[in-house]
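Reader: I would like to go through the pockets of this model and a few of its local features. Could we begin once the structure is on display?

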Amino acid sequence: MSATVFLVSTLFNLYLMVVILRLWLQVVQADFYNPLSQFVVKATHPIVGPLRRVIPSIGRFDTATFVLALVVAGAKIFTLAMMIGGAINPLTLVIVAFFDVIKETLSLMFWVLLLRAILSWVSQGQSPIDYVLHQLTEPFLAPIRKVIPPIGGLDLSVLVAIIALQFLQLLIQDTFGVF
């Protein structure tokens with residue numbers, strides 16, 4: 001049973017990360033024609049497209065994509081609860097789904113930062129993936145660089161951002177008892 005729970009949870013989490021990535025790409029106004037952006041849009045558009053007709057955006061914030069993220073997280077939690085044999089209160093489901101979206105967002109940010117750091121060692125910044133990773137992470141790495149500039153050519157902003165993300169996850173876990 002634990003292998004099945006792992007597989008179901010992983011599949012839901014992967015799609016949830018793609019949905020969150022779509023929202024993140026829109027917020028930072030990343031290059032729409034980038035191959036990674038195109039993949040994310042094509043993977044989520046069959047659901048987000050019809051939702052946008054019903055749920056309008058609030059400024060630059062794509063509410064339909066956020067609702068889809070909540071629905072995917074809620075479906076994961078509901079499916080796992082049914083597999084384990086427990087029932088779940090609808091209000092609890094919404095609250096836990098919201099925190100699951102936050103958890104996966106922080107996790108996705110961690111992996112994107114880690115991938116950007118690794119690619120900075122091996123690539124020359126010419127690939128489309130490098131470009132979109134730069135667009136995704138630069139809004140929160142640039143302020144860190146203003147406080148801690150590169151030391152001897154070594155950029156510590158990614159390390160500081162990863163530590164801050166881990167701190168936020170622990171803070172949320174200690175405060176709300178989730179994750």
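This is a predicted model: local features need pLDDT of at least 70, side-chain atom pairs count only at pLDDT 80 or more; totals for chains, interfaces and linings use all residues.

Reader: How much space lies in the largest pocket?

Author: The largest pocket holds about 340 Å³ of space. Its lining has 14 residues, and those nearest the centre are Ala117, Ser120, Trp121, Asp155 and Val158.

Reader: Which helix gives the largest share of that lining?

Author: Helix 4 does, with five residues. Helix 4 (90-122), helix 5 and helix 6 (157-176) each supply at least two residues of the lining.

Reader: And how do the residues of that lining divide into nonpolar, polar and charged?

Author: Nine are nonpolar, two are polar and three are charged.

Reader: What about the second largest pocket?

Author: The second largest pocket has about 240 Å³ of space. Among the 14 residues lining it, Leu21, Leu36, Leu108, Val112 and Leu115 are closest to the centre. Two or more lining residues come from each of helix 1, helix 2 (35-54), helix 4 and helix 5. The lining comprises 14 nonpolar residues, with no polar and no charged ones.

Reader: Returning to Asp155, which side chain does it join in a polar contact?

Author: That of Arg145, at 2.9 Å. Arg145 is part of helix 5 (residues 128-147). Beyond its neighbours within four places in sequence, Arg145 also contacts Arg116, Glu138 and Ser157.

Notes:
Residues are numbered from 1 along each chain as its sequence is written. Side-chain values use heavy atoms; hydrogens and water are left out. Helices (H or I, at least four residues) and strands (E, at least two) are DSSP runs, numbered from the N terminus. A polar contact is a pair of N or O atoms within 3.5 Å; within protein, one must be able to donate a hydrogen and the other to accept it, and residues adjacent in sequence count only if both atoms are side-chain atoms. Contact means heavy atoms within 4.5 Å. On a 1 Å grid over the protein atoms alone, a cavity is a set of points where a 1.4 Å probe fits but cannot get out, and a pocket is an open set with protein on both sides within 12 Å along at least five of seven lines; lining residues have an atom within 4 Å of a point. Grid points are joined across faces, edges and corners, and a volume is the space filled by probe spheres set on the points. Ala, Val, Leu, Ile, Met, Phe, Trp, Tyr, Cys and Pro count as nonpolar, Asp, Glu, Lys and Arg as charged, and the others, Gly among them, as polar.
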